[in-house]
Amino acid sequence: MDTCSMPSACSQDEATEQCRLTELSRYAMTQDHSDPSLDLITNLAIQFMGADIGGISIVYQSQIWLPSRVGLAPLHVPRAGSLCTWAVASGGDWFEVDDALHDVRFKDNALVAHEPHYRHYAAATLKGARGYILGTFWMMWRAPGLCADDKKLLLQGLAKMVMETLEMRYCNDVTGMSNRKVFLHHLQLGLERSEQPHVMVGYVDLISFRQFNDMFGRDAGNEVLRVAGERLTAWAGPSNLVAHLGGDKFAFALFGEHQVQSDYLERLTNDLSAPFTLARGGTQAMHARIGVEHHDLPYRGAAATLLDAADTAASSISSAHMRTTVKEFGAELLAKSRLLYELQGALAGDIRHGALVAHYQPQVNYAEGRLIGMEALVRWQHPARGLVSPGSFIAVAESSDKIYQVDLQVLEHVCRDMRAWLDAGLPDLPVSLNFSRRSLLHPDVIGDLQRLLTLYGIPGRLLEFEVTESLLVETPELLSPRVAEFRAMGIRIAIDDFGTGYSNLDAINSFSFDRLKVDRQFVHGVASNKRVAGLFRLIQGIAEVFDVELVCEGLELEEDRAWLAERGSHCVQGWYFSPARTPRDIAAILAAVKARGADAPPLSLDELRALFR
């Protein structure tokens, strides 16, 4: 029996424990189901170590969250009397108890005290990026015993994979800061529970970061992001929230007095604008657009609404200023109303407000040297603003119940364009559309879809609807019968953005689908990032299990394409081959494909890229 004297958790230095809990908050994304990626690692450990049960424990102040547990039902367990609590308190890399049944520390532990009396416990501790122990990767056996050195090394090695998966799931890979999902989770909790009178939510967008990246390289760009994140974190302090939303976007939330927060913002503009030293020598200044939204507490709305408002405020700041600028959302309400008014006019066919158009991004199989499909992407051709990207108006459409009209118009544009291509005798290729949740579940969508397919004479097999992974998890009971209706019409189904949500295998197993689309964040940079590569291989394995085509979105770099090629992943979409193109451009591309003839050999990689020039 392990009789080593271990310090109790309550005797640890309070400051150290508070830092540990602060670090821990980055992973606080409690879900109702186990994480499939983590369960895979847990099952592997149980199999190779011959354990009876196992799991991953994240040890909070009063309870333990188990994002993975095999052989154990509860999602949370009390911290008191837990073996994992003692493992964390030990401060070491390894903690083992050979017979917990005869250890007074664990006499009240339900797993030990009750049948089947698990006795042998072994755990590798999980250390976060800042060195604090956040939890354990543990195994238990009914029989007493001790792990041999090879099993100890195995569990410790897999624990590192667990930590990398947690980092990828809940933290930004470059800065180690909380990602968008974790930020919104904690902001929502703060809105509901904070005793402070006011909250200020901010959205930070670094100006000209893409140009800086192009000029100085990715490593220098990542260093800029890390410096910006460190400055934002130091400015906000430990009692507020900060996050790296991805790319050059950050967020913060401050709880307290309204006037104090407003005064505090001036310091942030100075902190972010301070020059930093480049690794190659010299200094460089970076500026930001900062949008903020204020609200009194308590606030009963959604956290995402406040962040979206701050985003809108930041987006309205001209980057031409080339200085760090702050703007509050209040001034944007009139502009948003104007945008909605113009969008309604465009949807109604009023040419004074322009019109929605569909552009198409090709999808290719470069191993077979052929075009395999296209994704339809909506644009707003505005008479004054030019070609407006969907990021500028889709959120407005969704918040005003106009999104179904937008999606239906895009569908009609697609049917009309496909009819024109077919009438011209051009090759027929499937086109995918990414409908919103509201449109996919709209009561009229089946009737409207059938009407448009009949009107333009388009067979259902030439359409593909993309269903986002998060939508699968949120509404599987509603979505499954709707998907069955689509498939009955011959329409293909793709699961889009896989890996960015819950990666819930139960959800994707609830209905048939044809494609699994890997989100850009698991494709861009995959050749140089071991974490991204590891998660990509897991997603690739899932596609193989379901026997569906894997399509990689966001391919931009040759080194990433070569890495994918080595692993047999040949179906891609992204700027490496082509951006989204106009219907006329697509017609010319299809005409070039037709001119080669049906018996022409497959296009080489260079020929395939040249096809889209």
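**Close-up views of a predicted model**

**View 1. Strand β15 and its partner β17.** Let's start with β15 and strand β17 (residues 431-433), which pair in the parallel sense over 2 bridges. If you want a spot to look for, find Met374: its bridge partner in β17 is Val431. Keep in mind that this is a predicted model. Strand β15 itself covers residues 370-382 and is mostly tucked away, with 10 of its 13 residues buried.

**View 2. The hairpin of β14 and β15.** Here β15 meets strand β14 (residues 355-365), and the two pair in the antiparallel sense over 11 bridges. Look for Val364, which stands opposite Leu371 in β15. The two strands form a hairpin with 4 residues between them. In that turn sits Gly369, with a positive phi of about 65°.

**View 3. The hairpin of β15 and β16.** Now follow β15 on to strand β16 (residues 386-388): 3 bridges join the two, and they run antiparallel. Trp380 is a handy landmark, with Val388 as its bridge partner in β16. This pair also makes a hairpin, with 3 residues between the strands.

**View 4. Helix α13 and the glycine after it.** Just past the helix comes Gly425, which takes a positive phi of about 75°.

**View 5. His287 in its loop.** His287 is found in the loop between β11 (283-284) and β12 (288-296). Does it count as buried or exposed? His287 is buried, because its relative accessible area is 18% and the cut-off for buried is under 20%. Its side chain makes a polar contact with the side chain of Ser273, at 3.4 Å.

**View 6. Two cis peptide bonds.** Check out the bond from Glu115 to Pro116: it is cis, with omega near 5°. Pro116 is found in the loop between α4 (110-113) and β5 (120-127). The bond from Leu297 to Pro298 is cis too, again with omega near 5°. You'll find Pro298 in the loop between β12 and α10 (303-315).

**View 7. Positive phi without glycine.** His117 isn't a glycine, yet its phi is positive, near 60°. Its place is in the loop between α4 and β5. Asp547 is another such residue, with phi near 55°, and lies in the loop between α19 (530-546) and β21 (549-553). Asp547 is exposed, because its relative accessible area is 70% and exposed means over 50%.

Methods. Residues are numbered from 1 along each chain as its sequence is written. This is a predicted model: local features need pLDDT of at least 70, side-chain atom pairs count only at pLDDT 80 or more; totals for chains, interfaces and linings use all residues. Side-chain values use heavy atoms; hydrogens and water are left out. Buried means under 20% relative accessible area, exposed over 50%, partly exposed in between (1.4 Å probe, protein chains only). A polar contact is a pair of N or O atoms within 3.5 Å; within protein, one must be able to donate a hydrogen and the other to accept it, and residues adjacent in sequence count only if both atoms are side-chain atoms. Two strands pair if DSSP finds at least two bridges between them.
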